[in-house]
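Trainee: I am new to this structure. Please take one part and walk me through it closely.

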Amino acid sequence: MSTARSVEESTTPLKEDSRWGSIREVVNAPLIDVAPDSWWISILFFYVTMLLWIVSTVPAICCSCLFCAYLIGQCDCGCAIMFSTLGSVQRGRPLWLAPNMYRGWLSILWAFLLNGATRLRLFKWEWKAFGSGQYWYHGEGVWCWSYADVRKILQGVQERHSAFGCVRAPIPDMFATNNLVFLPNTGPESEWKYVRFALHQTILADAEKRMKLLKTKLSEEWLQPKMSDLNDATFLQGLVAKSCFWVYFNVWLDDAGTEVIARWNTAAKMCIFPRLVQRIAFNLFISRMKALREETVGLIEKHELQKLFYDMNDSLPAQYRRTPVVKLCDEIMFVLCFAGVNGATAGASTCASFLQCKKPAESDADNIDLSNYPSPADMEAIYKKNSMRYIKEALRLDPPVTSATTSLAKDETVSLAGSSRFMEKGTLNQYVLSMANRDETEFANPSLFNPERQDLDKAVTWNGSFGVESRAQDEQTYPRICPGRYISLAIISAILDLAVGNENSSETMSLAQPGCLGCV
């Protein structure tokens, strides 16, 4: 396997190279896998008949039977299933069944709003609507939640697809086409393995060195730190954006560059919607994401970091190399910003709220119990006792990534709302990390915030458990465990340490050992 060069070896100014290509052409490439029910004629028909679909779906938030009927059919017979979201998905989402998708997505939208636009509360509401069993249906597939089911998925091979939130993803305009979130980890010669190895050998190779200096770097930016500063979302997003880019690329961004990277926090929230919904919104959110991806790659070009991606691309086997090279840059930056920057920002926000005995706005606040530490002074004391455990426990209760999409490894007949439905191999399957972290069969008093709990290291917040075994063992047990988990912990702790005046932050484990293949 070829070895790419690290950030510090790859930042020599680069002459213009025709292999780089145009990011604008990448994000404006022909659309891929557009379902017929998302064609523009379907969008026109939706607007002409919109009032009908609104009137027919609002009652679904009051009647779980109607909600389930719209999604999977009223009973286990062909005709009933055909005129449901499931029936449309099983038939390839044809144009003539587009009303199935209108009803399904509007029903989910009303349920989302009913639950305070909070993902975890929506998931739990849907789970109960479908009978509180092993599975429920949402989008284009089945969702599972138990710790045992989620852990089984995390420990195995995941046949992933270009899908997000259990629906096919809009590519290449909203999502980068072959980004690592979409690649299956199917074996030692998989594209997933080679790209992840190249990432570890380049961008993550020197990250640990810079992480150790991060608090000093932040203190030069944040001259009089105090906890209340972190209540300003723009300020916190800026700190995380600067920290991430510096840890990755050894570049401390100016205010203009920081604003670009920080915008991923808002742009990513709109990625949960499928192309049908994006087009109903006249592609407003897609247009914003395309512009953001162009500006993000523009930062790589501005700071002359292209050679890093040339080296990464050259280290891949011929069948996995990108043409043009800017496509690889876009894919890597998409993951580093979409998952890395957003995850660290959300984690820092949650921890800052807890330290002030507050609950984040988008959390399942009714099911977070902070009573063990009733004052900010109590919170600060337990944080200073062990900052890493504090952060891990806070994010067990309010994880930055609530769920992820894979697919069923085999044909299955599943129980949904008291009846059976057949699901083919390859059907999208969403596993819910946020609910697995609260499974009462694994976590004692799961809603209680307690950094000293003995079962803390079972939490699968970062797509797997870690903290007990060695890093190498963690990644053997959970092949797709987040490779940036220690970067995230380090950035969050550096910011919080400055806010509370903590001089004795907990040590993080090594994060960039050559050859590690942990993956999202």
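**The sheet and its helix**

Mentor: Begin with one residue pair in this predicted model. Trp 143 has Gln 430 of β8 as its bridge partner. The strands involved are β2, residues 141–144, and β8, residues 428–432. They run in the parallel sense and pair over four bridges.

Now widen the view. β2 and β8 belong to an open sheet of four strands, in the order β1-β2-β8-β5. The pairing in this sheet is mixed. β1 (135–138) and β5 (403–407) stand at the edges. Each has a single partner strand, so one side of each lacks a neighbour in the sheet. From one strand to the next, the twist averages 30 degrees.

Next, look at what packs on the sheet. Helix α9, residues 147–154, does so, touching β2, β5 and β8. The direction of α9 makes about 120 degrees with that of β8.

Which residues of α9 are buried? They are Tyr 147, Val 150, Ile 153 and Leu 154. Look down the axis of α9: its buried residues fall within an arc of 130 degrees, so they line one face of the helix. What do these buried residues pack against? Their partners are the strands β2, β5 and β8, together with α22 (433–436) and α23 (471–477).

Technical notes
Residues are numbered from 1 along each chain as its sequence is written. This is a predicted model: local features need pLDDT of at least 70, side-chain atom pairs count only at pLDDT 80 or more; totals for chains, interfaces and linings use all residues. Side-chain values use heavy atoms; hydrogens and water are left out. Two strands pair if DSSP finds at least two bridges between them. Helices (H or I, at least four residues) and strands (E, at least two) are DSSP runs, numbered from the N terminus. Axes are lines fitted to C-alpha atoms, for helices over the stretch in contact, and angles run from 0 to 180 degrees between N-to-C directions. Contact means heavy atoms within 4.5 Å. Buried means under 20% relative accessible area, exposed over 50%, partly exposed in between (1.4 Å probe, protein chains only). The arc is that of the directions from the helix axis to the C-beta atoms.
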